[in-house]
Amino acid sequence: MSFPSFRSRRWRRTEALRRLSQEVELSARQLIAPLFVKEGIRDPVPISSLPGQLQHTLSSLVQEVGELVEVGVGAVILFGIPARKDPVGSGAWDDEGVVQSALRALRSEFGDRVVLVADLCLCEYTDHGHCGVLADGPETVDNDRTLELYGRIAVSQARAGADVIAPSGVMDGQVAAIRRALDAAGFPHTAILSYAAKFASSFYGPFRDAAESAPRFGDRRSYQLAPPNLRAALRRVEEEVAEGADAVMVKPALPYLDVLRAVRERCAVPVAAYCVSGEYAMVHAAAQRGWLDLPSAMLEVLLAIRRAGADWILTYFAKDAARLLR
Ligand code: PBG
């Protein structure tokens, strides 16, 4: 059957027909809001490259999570900015550290009404800004020595109340090391959402301002994935699922929708996509100039990520999008 018998526009004639024929849905419960909490500040600090986002104090964090829960956002992921940094990032596994304190405050305020995800990395805690301990030579970061530290961080975050640990440092063997450490410490129920396909991207710029985590020298290309390489990403995802990842992530989202689709088709575990700081900043910058309509561009971006196969979307748009979806 061809035109004029076939008319694709029949399903688009009215709002009701369009609603009926919509193939993918976006809902607040699938969104995960990234939040920054900083040690030693009295008031929240706005992040200029991420309009509407703040470096939180413990109390502004609790208030923000209250608003997110209210609009139905499914989860939050916490990034900590410690008062002091050192070469090994020891603040990351301090039971009294900034993320651990935040996890305890949120758990006592909200119980199990919101899923608490802890980002696990060293870049915010090391004085050099790399995601692990330094190696000699071109490797930059010593993969295997870093794994032991990741295990300590995971246990400390689980003890403070994290439901999910999300390692973002892209060390090989990180999922196995974290699973082993969690199980040995009596946290077999804590889940791992691994940043399995995390690319060395230019789109992390605003985040590094927000998290104060830009590397002091060099870059992250010896550990994060190479942007042209889909097959290498799939191999790494397969590995981390085999090591016990309970869910995997593709990051960034929009420039890597093909990777997201391919991961979705190969994996049975939940797949998350991180719509990163640069993607958010890009939409906001254009909207500020009057070049894009913010609400519709935001929803279109998030729906595209769902259509490509994401179960969950980590996004700075979480609260605004959830409000629009009510
Ligand atoms: C740190 C980390 C980064 C992001 C999340 N965790 C930055 C990086 O790898 O430099 C980026 C998130 C964003 O840009 O929104 N390991």
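## Charges over rings

Lysine 251 lies over the face of tyrosine 204, 4.6 Å from the ring centre. The charged end of arginine 289 is placed over the ring of tryptophan 291, at 5.5 Å from its centre. A charge sits over a ring if NZ of Lys or CZ of Arg is within 6 Å of the ring centre and within 35 degrees of the ring normal.

This is a predicted model, in which local features need pLDDT of at least 70 and side-chain atom pairs count only at pLDDT 80 or more, while totals for chains, interfaces and linings use all residues. Residues are numbered from 1 along each chain as its sequence is written, and side-chain values use heavy atoms, leaving out hydrogens and water.

## Aromatic pairs

Rings of Phe, Tyr and Trp (its six-membered ring) pair if their centres lie within 6.5 Å; planes under 30 degrees apart count as stacked, over 60 as edge-to-face and the rest as tilted. The count is nine aromatic pairs. Phenylalanine 199 and tyrosine 256 have ring centres 4.2 Å apart and planes at 15°, so the pair is stacked.

Phenylalanine 199 and tyrosine 256 are both buried (under 20% relative accessible area, with exposed over 50% and partly exposed in between; 1.4 Å probe, protein chains only). One aromatic cluster is formed by Phe36, Phe79, Tyr195, Phe207, Tyr274, Tyr280, Tyr316 and Phe317.

## Cysteines

A disulfide is a pair of cysteine sulfur atoms within 2.5 Å, and the count here is zero. For cysteine 121, the nearest cysteine sulfur is that of cysteine 131, 3.6 Å away. Cysteine 121 counts as buried because its relative accessibility is 3%.
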